[in-house]
Amino acid sequence: MPESPAAPSASPAGTELTAEDGKLVILARGARGRVGAVEGAAVRDQDGRTYAAASVSLPSLTVTALQLAVASAAAAGATRLEAAVVVTEASTLDGAGYAAVRDLAVDAPIHLAAPDGTVLGTVTE
């Protein structure tokens, strides 16, 4: 993936996810696993609709899973996001995905989860 601005660090896990955020973890894991991608992501919009995506790395196009999930939501008419999840082996949230979420939500939680679904932390700022 190309270099992107740094995202704030996720605060350590310890808070229980809501049932709706738990569903986002499942969707993100499924998107990642379906294509064997580096990462998967899912977002929920203001109407409760969900969008899941996997990272794309082609010779002419590189998009993070979170960027693609946010783009799908925006293309479907979402004007605000309630929450987001990224499932990855990385220990930090990528800056480009963080920025995409913040374009539609200044305070939506962004949960970072390991491939097994364990939540590693949450970014709320």
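Author: Strands are DSSP runs of E, at least two residues, numbered from the N terminus. Leu-112 lies in one of them, β7. Note that the model is predicted.

Reader: Why is Leu-112 called buried?

Author: Buried means under 20% relative accessible area. Leu-112 has 2% relative accessibility, so Leu-112 counts as buried.

Reader: What makes Thr-118 a contact of Leu-112?

Author: Contact means heavy atoms within 4.5 Å. Leaving aside neighbours within four places in sequence, Leu-112 has several such partners, including Thr-118, Val-119, Leu-120 and Gly-121. Val-86, Thr-88 and Leu-93 are also among them.

Reader: Which charged side chain is nearest to Arg-102 with opposite charge, and why is there no salt bridge?

Author: That side chain is Asp-107, 6.1 Å away.

Reader: What makes the pair of Arg-102 and Ala-108 a polar contact?

Author: The cut-off for such N or O pairs is 3.5 Å. The backbone oxygen of Ala-108 lies 3.0 Å from a polar atom of the Arg-102 side chain, so the distance falls within that cut-off.

Reader: How many residues are in the largest nonpolar core, and which element gives the largest share?

Author: This core has 23 residues. Val-43, Leu-66 and Ile-110 are among those with the most contacts inside it. Helix α2 supplies the largest share, five residues. Another core, of eight residues, lies apart from it and includes Ala-42 and Val-87.

Definitions and conventions:
Residues are numbered from 1 along each chain as its sequence is written. This is a predicted model: local features need pLDDT of at least 70, side-chain atom pairs count only at pLDDT 80 or more; totals for chains, interfaces and linings use all residues. Side-chain values use heavy atoms; hydrogens and water are left out. A nonpolar core is a set of buried Ala, Val, Leu, Ile, Met, Phe, Trp, Tyr and Cys residues joined through side-chain atoms within 4.5 Å. Buried means under 20% relative accessible area, exposed over 50%, partly exposed in between (1.4 Å probe, protein chains only). Helices (H or I, at least four residues) and strands (E, at least two) are DSSP runs, numbered from the N terminus. Lys and Arg count as positive and Asp and Glu as negative; His and the chain ends are not counted. A salt bridge is a side-chain nitrogen of Lys or Arg within 4 Å of a carboxyl oxygen of Asp or Glu. A polar contact is a pair of N or O atoms within 3.5 Å; within protein, one must be able to donate a hydrogen and the other to accept it, and residues adjacent in sequence count only if both atoms are side-chain atoms.
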